[in-house]
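Subject: Structure for your review, with notes

Dear colleague,

Please find below the structure I promised to pass on to you. I would be grateful if you could read it alongside the notes that come after it.

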Amino acid sequence: MRRALLFLAGCLFLATASRAQNATLQGRVLDARTGEPLPGANVVIPALTRGAATDVDGLYRIEDLPAGTYEVVARFIGYREGRIVVTLQPGATVTQDFALEEDLLQLDEVVVTGQGTSIARRKLATDVAVLTAREIEEAPVLSVDQLLQGRVAGATIRLQSAQPGQAALIDFRGITSVIGSQTPVIYIDGIRVDTELGTSFSLGGELTSALAELITSDIERIEITRGGAASTLYGSDAASGVIQIFTKRGQAGRSTVTIRTELGFDQPETRFLKDTGFSFPQTREDPNDPNYGKTRFIRDNFLKNGFYQNYYVGFSGGSPTFTYNVSGRLQNDTGVQPENENTLYALRANLQAQLRPELEVSFSGSYIRSQFQRLFNGQSIYDPLTTFEVGDALFFSGAETFEEALRIFLLPDVDEGVHRFTAGSTIRFTPSPLFSNKLTVGVDMRANEQRVFLPIEFEPVSGNRGELSRYNRDFSVVTLEYVGTINYPQMGPVTSTFTFGVQGFREDESIITATGTTFALPGTKDLDEAATVTAEETRTQIFNGGIFFQEQLSFFDRLFLEAGLRLDGNSAFGKDVGLQTYPKIGLSYNLHDEPFWRESIGRYISVLKLRAAYGETGKFPSPYARDVTFQATPFRGESAPRFDNPGNPELKPERTATLEAGFDALLFQNRLSLNATFYRARTSDALLYVPEQPVTGKGTQLRNVGVIENVGVELAAEIYVFNRRDLQWSIGLTYHGFRNRMVDMGGAPPFAIFEPWQRVEEGHPVGEWYVTVPIDTNGDGLPDDSEFQFIGKTPYPTKTGSISTSLSLFDNRLQFYALADWATGSLVADYGSAWASFNGIERTVFPTRYDLEGNEIGKFRYREAFIALLKNGDYLKIRELSLRYSLPRTLLRNLPVQRASVTFSVRNVYTFAKQDLVDPELAGWAAPGDLQLGGVQSITLSPPRQFRFAVQVTL
Amino acid sequence: MENYLVKPMRRVITLIGSATCLLLLGLYGAGCDFLDPTRVENPRTTLEDFQKAPEPVAALLPGLRAQFARALGAVVVITEFVTDNFSINGTGLGGTVYDFPRDIKPVDMDRTSRFTGPYWNLQELRALADFLINEVAPNDERATPEQLAEAHYYRGMAYLMLGENFVAVPVEKDGSPVPAAQLLERAINDLEQALGTSAQLPDGVSLDLAARAALARAHRALGHAAPADQFAQQVLAADPEFLFAQGFDASSIDNAPWAYLVARALQEMQPLPRLDFLDPKYIDRESPIPVAKAEEMLLIRAEVALANGDETAARNFMKAARALAASRPVAEFQDDDPRLDNDLNPRPRSSSIVIADEPGAPFRAGLVKDRPGLVTVPLVSATSVTDADIDAASGTALIRLLYLMRQEILFLEARRMHDLGIRLPVMLREINTNPNLNDGDLGTRVFVPDYIPPANEMDLYDPLILYDEQGNLLTNQVTIRIDMNRVLAESRGLVVQNPLLPGQ
């Protein structure tokens with residue numbers, strides 16, 4: 001191997017050293033339509049492996065070039081490649097400008113996710129979704145999951161609620177597993193990061209998440225694979241998809257300083273609140289009651305407008321051999337309900353050093369500090385929102401007035417702090433255009449602490465004299481990846497790229513929870529002053545590592561064949577299970593590049609790429625589920641062991657095999673672009689907790705016995721209504737529909753994911769609602785009993801989509817963007833109405849119950865007629881409106897300012913729903929560690945309407 | 001020029017090459033564990049770890065003690081609901097099915113979790129003891145006879161409670177159901193191996209006496225009058241006030257009935273109004289549950305005396321039991337239970353209420369306490385039966401009084417369901433997972449004797465609405481619909497004479 005390396009390196013240097021007098025190539029790279037310079041574009045001479053990036057004015061310059069005739073390629077994200085042949089005379093300076101056309105289908109865009117190496121999308125057999133900086137930099141979002149909302153076909157994204165510290169449930173292409181979370185794996189600059197959904201006490205159903213504080217600024221692009229062949233090279237970890245986030249690099253040339261100030265306010269969404277808690281007769285009818293007339297108490301006294309501020313300073317620049325992009329950010333949001341303030345500090349650095357023409361070392365790192373406050377929620381009787389909306393706040397607090405009750409309900413403190421340090425380094429070594437190497441090592445370390453303090457004064461509600469609980473989680477993940485790429489020299493019409501690599505990660509997690517109860521004196525928040533202290537500990541470690549190979553063959557640069565294989569080992573696999581293999585194979589055909597096409601159909605369909613792929617991905621079992629274990633609990637001063645896990649030496653990953661086919665097309669003189677993908681994903685060896693015989697004294701064991709199937713279609717279309725230099729208007733549409741089914745449970749009995757209501761049973765969608773429905777047992781047409789029934793709907797939407805429009809005026813200086821997303825097919829449980837009925841408030845009307853003689857005997861209780869709590873989950877939400885104005889250069893000419901813009905945006909503008917008792921876009925309750933399907937909510941804080949005004953100046 | 005370029009190049013390649021080789025060596029090399037990212041450590045005790053324990057029997061024994069406590073709590077909660085002692089208010093146990101004995105199905109035993117399920121916990125106790133006795137002890141040279149005697153006691157108690165409360169259960173993986181009579185024989189076999197040692201149960205109780213008390217109980221259940229009397233007599237001779245009560249732990253395994261009696265917002269366990277004065281016997285998390293006590297020995301001796309036709313001796317044993325019960329400790333307890341039924345109507349909760357045990361029976365006072373309020377509750381035993389009642393009764397009436405005393409003195413100790421003759425089915429999960437146990441086999445159906453009334457009638461009383469909307473008492477006379485003690489005396493007779501044992 002070393003000999004081969006040396007040989008290749010030698011070839012390169014022989015080639016580059018045989019020069020006499022040096023030539024220089026320079027010029028500008030511009031947008032062909034607008035004439036705007038394109039900073040950050042790459043201009044390369046592939047034959048010489050030489051190149052340069054353009055500066056802020058779109059200028060590039062490559063010196064020290066040997067004379068000769070070369071093909072020069074200019075590339076910029078979102079534009080089609082420009083290729084020009086240039087002849088360089090010895091000693092001459094040649095100026096060559098490039099005017100790049102927008103790549104409406106982004107087929108020339110290079111992606112790396114799931115490919116091992118960089119490959120243009122035109123060659124891919126699968127669809128990799130890409131969000132570029134232009135699409136996301138003005139998005140008024142607080143977290144990465146919000147960024148994906150409505151922008152990626154095939155993604156279902158549902159926030160739990162609008163409290164700080166939380167993130168959404170993310171599902172790509174349906175539900176492929178019934179254990180653990182469906183959250184995709186996320187990499188930032190090649191570093192695998194923590195995405196755990198439950199990093200705190202639940203406090204009523206809502207959990208904080210490691211996704212919440214992930215970066216939202218400095219993002220250059222996001223690549224998304226939704227499982228299947230596109231994710232195969234990630235092996236036992238990729239069944240839920242892979243998201244790669246790339247941060248901005250500095251550009252050679254003048255240094256820039258970017259300052260951004262964003263201010264705004266959040267207005268609470270109140271349409272799903274009824275203030276029904278105050279329909280108790282005494283608050284309505286007695287004018288002498290101190291609470292008389294307070295029928296809008298939640299809206300008037302509890303919710304408020306939140307204030308938001310965000311300050312960003314970024315320094316970027318560099319020389320041809322060293323670039324940097326360093327930034328700092330400070331964000332504060334006071335929240336729309338009390339005790340919901342969130343403060344975040346973030347520092348980032350992205351450094352690249354071109355040590356030698358063939359050797360580049362880059363570093364990417366960030367430190368994030370996030371601190372926020374929360375309230376109890378959902379199922380907790382300490383939740384002020386639920387208690388005031390559907391409960392009896394006066395009764396629970398023992399107070400006379402609502403104001404006093406609210407003061408008592410706000411006594412608990414729930415504070416959480418997160419420290420997160422993510423850093424990694426990548427070495428790229430390209431000894432020859434034929435051979436390149438990349439080595440990435442990185443780590444993501446996250447530590448958070450949640451402290452829940454119920455003061456002594458809260459005793460009327462809590463029933464105890466003070467309680468302090470803390471939840472400490474320490475997590476680290478180390479990533480190591482090596483990728484080698486061999487581009488074989490072209491043989492006739494055939495080119496070949498072979499990629500191979502090693503990839504592994506190791507995760508260590510430690511969770512310690514401790515609770516102290518009963519304090520003598522107020523004021524203390526020290527655990528060790530409590531009368532009793534109890535503590536628990538959970539630790540897990542997991543290693544996953546594998547090697548992969550991929551071969552890509554290109555015929556006539558229009559027909560592409562790829563085949564790959566990943567071999568994986570994992571510390572969670574059973575002792576009798578060896579390496580797991582995940583194959584993939586795919587084909588793509590750029591029909592529009594055929595000569596016959598251009599002359600005939602090409603006038604109507606200028607681009608048509610067909611693609612088909614088969615690929616397998618895995619999901620590894622929980623750590624230690626393979627072992628036979630005992631678990632001891634303390635009991636009366638002794639450590640008392642009992643049987644724990646029965647053990648399974650044959651435990652292996654779930655395997656999702658996806659067959660997909662689709663096309664990308666550009667129609668009607670570039671007026672319409674279309675992407676479509678059909679997929680069928682079959683998860684075999686699905687992991688289920690299979691019960692042991694109770695006579696053995698053992699509980700359940702994770703076994704590979706199930707089969708789950710998801711079949712669906714993803715569509716994306718863009719209509720270019722106007723595409724002129726001074727006026728561009730486009731409309732975008734996405735759609736995803738899927739059907740999910742638990743095909744086989746391998747003898748494991750049906751079970752419930754959430755209470756009895758979300759059930760997993762053969763022949764039904766995972767988690768289909770299984771609820772009590774009134775029935776008529778004696779045929780008199782009147783319901784007299786109730787029974788559990790499947791009702792054919794799921795708690796998660798089965799069809800999702802979005803509509804967006806983008807309008808650009810005055811040479812691109814004024815830009816307007818609007819985004820709406822929608823979802824249908826789900827029913828959501830309005831548990832707030834269950835609490836209400838429990839407290840004697842009729843928020844939902846339950847059906848009348850009759851006896852066998854046909855006499856009315858009152859209403860069904862909610863447990864007997866749960867179906868009445870299920871509400872239509874369809875919604876359409878106007879998610880974002882933004883208006884951005886870039887100041888013309890003429891105005892800035894005499895100022896030390898290169899660019900300046902102002903942006904006004906609104907997020908969560910308006911929700912169209914078919915009912916107004918429960919916000920259908922929220923996921924509501926979740927339970928740590930298990931599959932999260934969402935769909936059950938108490939009274940839940942809806943995302944507020946966020947108004948933002950931002951000024952950005954680049955010096 | 002060439003050399004100038006190639007030399008450092010070569011050095012870089014050599015460096016990177018060596019570094020990579022070193023790294024790979026470090027990662028996968030045998031001697032470099034500190035760099036091995038693949039090593040993971042299970043923080044729980046694995047089988048391999050367990051096999052390295054120096055004294056595995058001593059290590060497992062606390063596990064048996066804890067599991068016994070879990071099983072005892074679970075058996076008390078569920079079996080007391082099935083009887084006339086308690087009815088269910090609310091939904092904390094998946095509905096009210098346990099109040100309707102004939103409707104209980106294997107799936108209802110699945111509703112109980114690994115923490116609240118009697119079947120599950122008794123089988124786990126049995127399986128853990130099997131593991132200790134059959135697999136661990138033979139290889140543990142340091143295991144003492146006292147430790148093994150204690151293990152046999154717990155397995156014997158598992159068999160005893162399975163034999164008293166279930167029709168038939170498998171006792172090994174893939175096993176066929178073993179009928180109750182054989183389960184009781186197995187109990188006797190194990191309990192006899194716990195005799196004659198100086199071992200002590202936690203809290204210093206004599207293991208020997210606890211085992212003898214359990215043997216008296218097992219022989220009674222099998223209808224063996226003479227040995228039942230003999231073991232009971234031995235316990236009383238050794239300690240006339242003998243008491244073994246299982247303690248609990250506030251921070252881990254607490255008293256399971258306490259949760260449903262006291263702790264939960266909906267106090268699911270609502271007693272039959274005539275037993276109100278005994279409730280809640282367990283007033284905090286750690287309250288011990290009596291497992292064996294001298295009162296029960298006296299009542300067993302009374303039962304054997306009645307079986308032998310000696311009413312005078314029986315009366316003396318019953319009076320001794322009453323006197324002993326009266327000498328047991330009581331506690332003051334602030335009870336916040338508003339005594340609500342499933343329709344949120346108050347159940348009897350005023351001390352002015354008088355109760356008839358059935359229509360036509362005399363009204364008795366002093367059985368209901370004022371709640372919510374401060375109440376005095378017995379912690380071990382109490383009875384409403386007086387010496388005069390005992391002296392005045394004979395024949396069936398005396399048997400009825402014996403059942404009433406057993407019901408009151410052994411309240412919340414999981415004896416009533418066995419006295420009523422009701423037996424539970426196995427869990428559905430057992431049927432679904434065991435290839436040698438099919439739906440319809442012995443043990444898969446609840447057993448309810450014909451004399452048990454339909455539906456939940458054992459739990460009912462009249463009138464249902466006792467208070468007006470302002471909480472004023474509308475009537476102070478409450479009549480229980482059926483006196484189950486009379487029914488038992490008339491229809492079943494004595495347990496020791498009519499053990500109603502499937503498989504016997």
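The notes below go through each chain, the contact between the chains, and a few local features.

This is a predicted model, in which local features need pLDDT of at least 70 and side-chain atom pairs count only at pLDDT 80 or more, whereas totals for chains, interfaces and linings use all residues. Residues are numbered from 1 along each chain as its sequence is written, while chains are lettered from A and ligands numbered from 1 in the order in which they are written.

Chain A

Chain A contains twelve helices and 50 strands, where helices (H or I, at least four residues) and strands (E, at least two) are DSSP runs numbered from the N terminus. Its C-alpha trace spans about 100 × 70 × 60 Å along the principal axes. For 955 residues a compact globule would have a radius of gyration near 30 Å, and the 30 Å of chain A agrees with this; the radius is taken over C-alpha atoms, and the globule rule is 2.2 Å times the number of residues to the power 0.38. Of these 955 residues, 50% count as buried, a residue being buried if 20 or more other C-beta atoms lie within 10 Å of its own, exposed if 12 or fewer, and partly exposed in between, with C-beta atoms placed from the backbone.

Chain B

Chain B has 17 helices and 15 strands, its C-alpha trace spans about 120 × 60 × 45 Å along the principal axes, and 51% of its 504 residues count as buried.

Where the chains meet

In chain A, 48 residues are in contact with 54 residues of chain B, contact meaning that the C-beta atoms of two residues, placed from the backbone, lie within 7 Å. The elements giving two or more residues to that side of chain A are α1 (2–17), β26 (494–517), β27 (532–555), β31 (629–635) and β32 (638–643). Within β1(B), B:Thr46 is the bridge partner of A:Thr629.

A sheet and a nearby loop in sequence

Four strands of chain A form an open sheet in the order β37-β38-β39-β40, with antiparallel pairing. Its edge strands are β37 and β40 (785–790), each of which pairs on one side only. Strands β38 (residues 758–760) and β39 (residues 768–775) of chain A pair over two bridges, and A:Gln758 stands opposite A:Trp769 in β39(A).

The loop between β36 (727–744) and β37 (751–754) of chain A holds A:Ala748, which counts as buried because it has 21 C-beta neighbours inside 10 Å. Leaving aside neighbours within four places in sequence, A:Ala748 is in contact with A:Leu688, A:Val690 and A:Val705.

Key
Pairing = 2+ DSSP bridges.
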